[in-house]
Amino acid sequence: MTFYSPWAFLGLITIPIIIILYLLKQRHKDYTVSSLFLWEEVLKDLEANAPWQKLKRNLLMILQIIAALLLVIALARPFINAVGSGAEHVIIALDTSLSTKATDVGISRFDEAKSRAEQLIGNLKPGTKVTLISVGKSVTIEENLSSNKGSLLDKLNKLKASNSVSNTEDAESLIASILKQYQGTRVVVFGDSPINIPGTEVEFSYISNNGDNFAVTTMSHAKTEKGITVLTGISNYSNADASVPVSLYVDGEVFDARNVEVKKGETANVYWNGVLSDIKLIEARIDIKDALNEDNRAFNAVNNNKEYKALLVTEGNVFIEKVAALYSGVELYKTGYENSDEWKGYDLYIFDGILPDKIPDDGNIMVFNPPKNKMFEVLGEVETPVVEDLGEDIFKYVEGFDFSIGKTKILKVPSWGREILRLKDGTAAFAGVHENMRVMVFGFDIHNTDIPLTPVFPIIMANSMDWLLPQSVNNAENVYADEGIEFNIGPKTEEAFIETPSGEEVQIAPPFPIRVFDKTDEPGLYTLRQKSEDGEQEFYFTVNVPSQRESNLMKGAEVENQNEDTDGENTPKPVNTGMNLQTIFLWLILIVLLIEWWVYTNAV
Amino acid sequence: MKSELFDSDFLRKLEQLVITSKITLAAGASGNRKSRAKGSSVEFSDYREYSIGDDFKRIDWNAYGRFEKLFIKLFMEEREAPVHIFLDNSKSMDWGEPNKSIASRRLAAALGYISLCSYDRVSLVCLNSIVDKYKSDLRGKNSFSRIQSLLETLDYSGTTDIYNTISKYNFKSGRGISIIISDFFTKGNFLDMINYLQFKKQEIYVCHMLAPEEITPEIGMSLRLIDSETGEFRDVTSSPELIKTYRKVYNSFKTNIEDLCAVRGVNYIFMDTSFPAEKMVRMVVDRV
């Protein structure tokens, strides 16, 4: 036990003072009675009935001395040391992911985590520097190296659980970097997602009661001739097989309801047929309350997209023709170099081996093998260059760069562009937004490569089209909470707004280029409105909770079991918060004073 | 001093009260009480034959005319009763509000006066550990001034040892009445005193006189209780438990005396000094 305010022991001086006061108080007031005859009997009787009566007067004094002693100890702020409590710096990481909204521990796991963290902060040695980190989709340092407990507790109380996943990887790297700077830092994690940092003993206050939970983990739809078919996946994260009542809502109205049999630990897929196509929102609901209610709903938006029109300007390129035709939602037109007066009214222009001086301004641009032009600089030409993977989005899903380029032009990346394909000798491709148009330029003629002969060609083209065609529907229909969305709005769009499920309207453009939209904490239907000369255009997308990652409330149990089995160096260990004994001593004082009062009033 | 003890109104009231004793006395001067002994009086009782030495005046000459034998007329003789008033004048009796010394002296004076009015022979004995002062064999209302002067000049001092002192008291006459006025705050055997008095053929009246503070003490702090007689002291701290225990001890003390009196056919009269003097006198007179 240590005392944070040992100066309080000066208060021990009160004990001799109490004794002196008692000695002074012993002088009783004289009172003459006719005879002590009866009083002697009284005193004899009292002493016979309560043998400690002789001590009574002293008992009051002893109780007061005890109370004074307890008060002095309480003022000295006694504290039972926890392991590591001597650390000068403590990192407190608080899990704010969706699973911490589960109420299987009575209150929500998040509230429990907060109260445990509060207790830890309260019990820290004064002067200890605390870094408070919230771990949700993003990892945020809420308070850095603060020894002000008041402000820490204030920050802590303001934290709220999110609907997103916990990004433990980011948290691990952030904490690891702090640890490098401050040796001997104590790391304490509150929540249900452990954080492992090699070489560091992380204390983990694991909060879970393995609550039973059901979740809608899959939600998608497909348009068929007979309307829309909806697929919902219902997962059972409990210890027993269950019949789960599920309802399907279409634009807020009940469409159908079923009981879905789901075996424990499994997911049952349910198909709902015959949903009319002229709708915008499908919602699946599990109609029972469980440990986590947020994942009992899932949304899916239905967009009746217009067909995009793309114009391929070429002397003849069968590869691009074929692959663009594969891309759903795109109607491809082809023309020669000479018909420049037709180059308007398309969403996308693909220039193959040509780039006119007057570039169309009503659509995005894709260029292969550009000649010298006014838009960007062409530096020269190389043969059989070595290609470097920059991890760009257009090479997403491409495994290994097993294609070759025979001859390509070297491009100078303009200020508005970014390099997407680098060679040893320079840039072979770049992309960027120029005058509100998306522009993607490849320095090579597709015929001078073996790309069309490899399986990656349609993938690269599809990725490119995703970026080039406005509101590319593939990646924005289903978003998880707190994920940022980069919209690909039309070049003619003058203003763009997002309407959130709660009806709030957020302007995302102007300014251009538009920033990533990240106010996606609320699950439900979002509407993107684009205003242009041609009128208003709406696009729907939904935000869902990351139920596949967060709904299994029992996954933590595995973490615990692992701990018992492995007991490895990096295994999170339980949090030892230590104990501030001041409150206990204050209670003891109260009890002692009550006893004293009782002795004074009842026991003679 | 006189006015403190009695006023004339009170004395007039007292004259109306007469002590009537249940017992008849065996010997003594004529008084206002009936005696079982035969003698010369107005009320005829019986005859007996004359024997030598009898008073000639008592021979019934009418009976002699009829029977030619000498008969003596016997009459129910009426006698004065010897009344002893034992008044405790230890220091403990000079305490309380109203003060026990005043109440007890008034009572003693009143009882003495009433007895004198009834042609009784009154002895007033003031005692503590010894017989302190006394006036004995007082007769007639005129003697009351002697009682008054004794009481008015009475000092309260010394410790109570009333049982022993009474047990050693030398009764000159036979049957009589003994009235004891005391707080009985004394060690010793109450029964010894009763035995002795009953052996001396006394009809006993125990007047147990206490001040209200002795019945229900009111102490509200830590006190050093000092014995008025001995100067000894005990320290106490006031508490409900203390008062409760006092009540218990007090009740047991009073009940003990009362029970002993009841067993031995002794008249027990409890008096609170807050009672009016007439009421106290009446309490005694009504028991006689």
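Leaving aside neighbours within four places in sequence, which residues is A:Glu294 in contact with? They are A:Leu98, A:Lys101, A:Asn163 and A:Val545, where contact stands for two C-beta atoms, placed from the backbone, that lie within 7 Å. This is a predicted model, in which local features need pLDDT of at least 70 and side-chain atom pairs count only at pLDDT 80 or more, while totals for chains, interfaces and linings use all residues. Residues are numbered from 1 along each chain as its sequence is written, and chains are lettered from A and ligands numbered from 1 in the order in which they are written.

**Surroundings of A:Glu294**

- A:Glu294 has its place in the loop between β14 (281-286) and β15 (297-301) of chain A, the strands (E, at least two residues) and helices (H or I, at least four) being DSSP runs numbered from the N terminus.
- Because A:Glu294 has 19 C-beta neighbours inside 10 Å, it counts as partly exposed; a residue is buried with 20 or more other C-beta atoms within 10 Å of its own, exposed with 12 or fewer, and partly exposed in between.
- A:Pro546 is 252 residues apart from A:Glu294 along the chain, and their C-alpha atoms are separated by 10.0 Å.

- Beyond its neighbours within four places in sequence, B:Cys207 is in contact with residues including B:Leu107, B:Ile179, B:Met271 and B:Val284.

**Helix α4(B)**

- Of the 18 residues of α4(B), 16 are buried, so the helix is largely enclosed by the rest of the structure.
- At 1.5 Å a residue, α4(B) should span 26 Å, which agrees with the 25 Å between its end C-alpha atoms; the expected span is 1.5 Å times one less than the number of residues.

**Where chain B touches chain A**

- In this interface, 28 residues of chain B are in contact with 22 residues of chain A.
- On the side of chain B that touches chain A, α9(B) gives the most, with 7 residues.
- Strand β2 (residues 29-33) of chain A and β8(B) run parallel and are joined by 5 bridges, and the bridge partner of A:Lys29 in β8(B) is B:Leu223.

Key:
Pairing = 2+ DSSP bridges.
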